[in-house]
Amino acid sequence: MTYAAITGWGACMPPAVLTNDDLSTFLDTSDEWITSRTGMSERRVSHVSAIEMSTIASKRALACAGLDAADVDLVIYGGVSNDELCPNSASGVQLALGATRAAAIDLNTACTSFCYGLATATAMIRTGMIRNAVVIGVELISRYMDWSNRNVAVLFGDGAAAVVLQASERAEGVIGSVIGCDAEARQTLRVRGFGCGYAGQGITFGDTIWDFDGQVIFKRAVKAMSEASTRVLAEHGVAAEEVSLVIPHQANLRIIESVAKHAGIPMEKVIVTVQKYGNMSAATVPVALVEALEAGRVSPGSWVLMPAFGGGLTYCSLLVKWGERVTPLGTSDAALPPCEKTALEMVNAIRAGQDPHGRSREGLMAPRFVEERLAG
Ligand code: UT7
């Protein structure tokens, strides 16, 4: 039997920090409201493209696995935020990595995109279709956030992380998965302004309107993640007490606490990053996984549970058996260019209809494409 071991991991967090107090400079909100309702204190704003963050995270993950980019069969780019829709973003990462043999898939199930991608790549490895994959969770929400809407503007952040999966004869990696979609409630989380449905309406990129029924999403998220977790554990005969670590989607501290309670798992076993990164949608689970590994919180041979939910309303819970190795085989010197602006300066530029570096949209023919960046 073939399994899909997680052999590499790497994150790429943009350095610019947007605090709750920064948000209160242009929104009718407060540190007290945001902290008490969500658990969030800070989030990051990226000065680079989503493909750039993904490429650095992937290079770090490949170095960690000791795998050459030329041996990668598949890149899955999980997330809602794309530099362009055609060509897709996974092809940009494939090019930047030099993973010339790899197939390239963009996968968008909103906040669950990384976990759905992990389940998909695992299935492809387990059936013998491929042997090595890079799975990315990434978001660049700052560029299309409706910064005038306090209901959503305080919740989200940018970031990226990636894992490497490799075929293995040992029973490790994603052992069980429950993935599903509560589509009846799909209208509760909608970003208006993206996509063909808005063609011909004179909408400028970034001018979005968010439909966001927070309380409905909250209740459905707790129910879906709790039920998916109970089911995946039962299907594989694993008791809640046997789970060493829960790495949940980070949308709200209160949601995380409710899911842990329903699953009968104490908060000491739950990784929480929401206070410092906010909700990075598809990036939350892989970034939290990388931080858990770096903090020595993942034990060899342990059971790890990854519940998530997002727009759609998609949901999932993955049951992962960690392998023997919890330390990297190598490191990469890939790094982001320095960020010259503060997060608040970049957000204010975006609010003024400019790109984060303060250049007006009219003056920009196009984003700097990955081909141009590679050519220097
Ligand atoms: O990854 C998937 C994404 N979705 C989610 O994770 C959303 C899940 N939902 C939630 O996390 C919570 O429902 C929220 C954090 C979004 C909201 O918390 P809540 O406790 O459900 O607050 P609420 O929506 O009931 O709003 C309470 C009050 C309202 O005022 P009134 O009508 O009571 O006067 C809001 O207008 O808080 C007001 N409010 C704010 N006040 C200050 C809403 N946003 C803010 C804000 N600052 N940023």
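Mentor: A pocket, on this grid, is an open set of points with protein on both sides within 12 Å along at least five of seven lines. Its volume is the space filled by probe spheres set on those points. The model is predicted.

Trainee: What volume does the second largest pocket have, on that definition?

Mentor: About 630 Å³.

Trainee: What makes a residue part of its lining, and how many residues line the second largest pocket?

Mentor: A lining residue needs an atom within 4 Å of a point of the pocket. For the second largest pocket, 26 residues line the space, and those nearest its centre are Trp-33, Leu-155, Phe-212, Gly-214 and Asn-252. Elements that give two or more residues to this lining include helix 2 (31-38), helix 8 (253-263) and strand 12 (303-310). Helix 7 gives the most, with five residues.

Trainee: How is the lining of the second largest pocket divided by class?

Mentor: There are 11 nonpolar, 10 polar and five charged residues in the lining.

Trainee: Why is the second largest pocket said to lie where it does, relative to domain 1 and domain 2?

Mentor: Domain 1 (3-171) and domain 2 (175-321) each contribute residues to its lining, so the pocket lies between them.

Trainee: Turning to the ligand, which residues are closest, and how many surround it?

Mentor: The ligand is surrounded by 23 residues, with Thr-29, Gln-215, His-249, Asn-252 and Asn-279 closest.

Trainee: Why is the backbone at Pro-87, Leu-313 and Ala-110 worth a remark?

Mentor: Most peptide bonds are trans, and most residues other than glycine have a negative phi. The bond from Cys-86 to Pro-87 is cis, with omega near 0°, and Pro-87 sits in the loop between strand 4 (74-78) and helix 4 (89-97). Gly-312 and Leu-313 are also joined by a cis bond, with omega about -10°. Ala-110 is not a glycine, yet its phi is positive, about 60°; its loop runs between strand 5 (103-107) and helix 5 (113-126).

Conventions
Residues numbered from 1 in each chain as written. Predicted model: local features only at pLDDT ≥ 70, side-chain atom pairs only at ≥ 80, totals over all residues. Heavy atoms only, no water. 1 Å grid on protein atoms, 1.4 Å probe; cavity = no way out; pocket = protein on both sides within 12 Å on 5 of 7 lines; lining within 4 Å. Helix = DSSP H or I, 4+ residues; strand = E, 2+ residues; numbered from the N terminus. Nonpolar A, V, L, I, M, F, W, Y, C, P; charged D, E, K, R; others polar. Domains from an automatic or database assignment. Near = heavy atom within 4 Å.
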